[in-house]
Amino acid sequence: MVKERKFKEIISQYCQVQPENITNSSRFREDLGFSSLDFMSFLGELEDEFDIELEEDKIVNIRTIEEALSLINALKEAG
Amino acid sequence: MIQKYPLTASQKLHYRWINEYKTQQVSGLSIVASLKAELDFKLLRRCINEELKRYSCMRVQFTKPDKNGEIKQYIPETDNIDITLKDLSDMTLAEADATMQQWAYQTFDGDDIPMCEVFLMKLPDDFNGFFVHMDHRLMDSCGIVVMINDIMSLYTHYKFGAPFPDDLADYEAVLVNDLKKAGNEKRFLKDKKFWDDMLDKWGEPLYSDIQGPSVLEKARKKHKNQNLRSVDIEREELFVAVKDYKLDAEPAKVLMDFCMNHQLSMTNLLLLGMRTFLSKVNNGQEDITIENFISRRSTRDEWTSGGSRTIMFPCRTVISGNTDFLTGAYEIQNMQNHIYMHSNYDPELIWNEVRKRYKTPSNTTYESCYLTYQPMPVKMENPFLKDIPMHAKWFANGAATKKMYLTVSHTEDGGMNFSYHYQTAELVEKDTEIFNYYLMRIIFRGVENPGLSLSEIIAMV
């Protein structure tokens with residue numbers, strides 16, 4: 001399982017929000033102000049950090065922290 | 001001992017242009033930032049010197065090329081630099097701008113030398129401030145905006161007791177991280193696969209000129225190759241002219257609202273407008289490539305470390321004329337999203353692969369248009385200065401490596417500015433006027449009725 005705290009620490013580097021203020025229902029774009037470049041760079045970092053392979057056509061539909069966390073955990077378990 | 005580092009992919013882009021065009025002028029970057037206010041120049045000089053210590057990318061120097069032509073970068077410790085005061089206050093604003101424009105044409109020639117100079121400026125109409133001229137490998141436009149804001153934050157701290165500005169990220173630490181990412185083999189192979197797959201899918205790109213198909217035809221005759229798909233790059237006469245067109249606040253808001261309502265970025269709307277124009281003037285060509293600059297700044301450290309983080313990638317899309325405007329925009333957005341994910345790649349490797357596969361003649365290109373969209377206005381975000389009129393102006397380096405380079409930015413009045421830099425050896429002002437006229441018509445037709453097909457829009461405009 002990916003540690004939620006670590007995950008939110010990475011997210012907080014991309015936005016002006018502290019990890020403790022990021023909830024699982026936070027939306028990347030609307031709530032955290034991610035641009036498309038931010039979001040895709042972030043996903044690239046997740047791939048490297050957690051050693052996973054994301055399917056690019058699917059990940060663009062991720063909206064919330066919870067969705068991203070679930071996907072990564074599923075990939076970690078499958079891998 | 002001072003550590004020396006290789007150049008990043010963004011820096012290599014500029015270094016390649018310097019070598020290809022045989023002048024550092026192509027990598028010049030200049031701006032003046034001033035306020036309509038009395039300034040304490042002694043204090044401003046002190047703040048700029050303090051900035052040199054805080055924002056270490058300003059101190060970056062480059063080694064002599066080795067036997068392979070490779071150079072390295074390093075950050076020397078520095079004493080205060082000599083910052084002279086230039087008094088242009090007796091001139092008209094146009095004369096002062098012309099004088100500063102001449103400074104922007106100057107080159108930094110030599111190895112192991114400072115690549116950044118700063119002048120304190122007394123300008124006409126009681127404007128005062130500073131002029132910065134540097135090599136683009138030290139900083140890009142976002143980096144310059146951060147620097148200007150930080151210098152003025154230091155100034156207002158010492159002058160008016162404003163809070164001391166937050167620390168900026170360490171350029172060297174971010175550089176090390178960037179180089180580590182670039183050296184990640186797994187990541188590299190993923191990036192390479194993405195770019196190679198595009199060639200597998202679509203084959204050799206096809207040039208599309210803003211002046212129509214005659215340019216490609218001319219190149220085909222010159223190279224005696226009727227199947228040639230690229231055209232020659234002008235490398236001798238590099239003089240660049242600049243023409244700006246304004247879009248008022250009200251229509252600019254229409255575009256911004258459209259983007260917001262459809263979760264579309266402005267870059268992608270602009271790319272769609274540009275590619276539709278290219279399709280229009282090239283007999284409905286569907287396979288079109290535009291070079292788009294992105295600034296790889298996402299994390300706070302990347303935003304505040306300075307450095308040159310802009311890099312251009314080919315945005316190639318094959319979109320049928322039957323596609324409706326909104327779907328076309330999403331197709332571009334989709335492509336751009338993929339590009340963002342693979343933007344740690346060195347774009348030179350993309351072109352090496354193209355040349356290898358298709359034997360593209362040297363000194364030819366598949367693109368006539370380049371785009372930079374700058375969401376960030378040059379604005380001093382400082383509450384102590386907010387009511388003071390400001391004058392900021394970027395100066396072209398006078399040497400274009402690209403036939404037509406469009407920079408779109410937002411203006412303080414809520415409007416937008418479309419700034420065309422074009423090689424005068426290839427284009428005249430009328431070409432930019434035609435381009436901008438159709439770009440606006442295409443985009444606004446599409447925004448008014450996003451269900452129209454691209455062919456219908458082309459026929460309407």
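Chain B has 14 helices and 16 strands, where helices (H or I, at least four residues) and strands (E, at least two) are DSSP runs numbered from the N terminus. This is a predicted model, in which local features need pLDDT of at least 70, side-chain atom pairs count only at pLDDT 80 or more, and totals for chains, interfaces and linings use all residues. Residues are numbered from 1 along each chain as its sequence is written, while chains are lettered from A and ligands numbered from 1 in the order in which they are written.

Overall dimensions next. Along the principal axes, the C-alpha atoms of chain B fill a box of roughly 65 × 55 × 40 Å. The radius of gyration of chain B is 23 Å, which agrees with the value near 23 Å for a compact globule of 461 residues; it is taken over C-alpha atoms, and the globule rule is 2.2 Å times the number of residues to the power 0.38.

Of those 461 residues, 41% count as buried, meaning that 20 or more other C-beta atoms lie within 10 Å of the residue's own, against 12 or fewer for exposed and in between for partly exposed, with C-beta atoms placed from the backbone. Two residues are in contact if their C-beta atoms, placed from the backbone, lie within 7 Å. Among contacts in chain B between residues at least 6 apart in sequence, 77% join residues at least 24 apart.

Now the cores. A nonpolar core is a set of buried Ala, Val, Leu, Ile, Met, Phe, Trp, Tyr and Cys residues joined through C-beta atoms within 7 Å. The largest one has 65 residues, and B:Leu271, B:Met274, B:Cys369, B:Leu371 and B:Met404 have the most contacts inside it. Setting aside neighbours within four places in sequence, the contacts of B:Met404 include B:Ile210, B:Cys369, B:Tyr420 and B:Leu427. A second, separate core holds 44 residues, among them B:Leu29 and B:Cys116.

One helix pair. Where do H6(B) and H12(B) meet? B:Trp195, B:Asp196 and B:Leu199 of H6(B) meet B:Ile350, B:Glu353, B:Val354 and B:Arg357 of H12(B).

Last, the interface. Here 13 residues of chain A are in contact with twelve residues of chain B. On the chain A side, helix H1 (4–14) and helix H2 (36–50) each supply at least two residues, and H2(A) gives the most, with nine.
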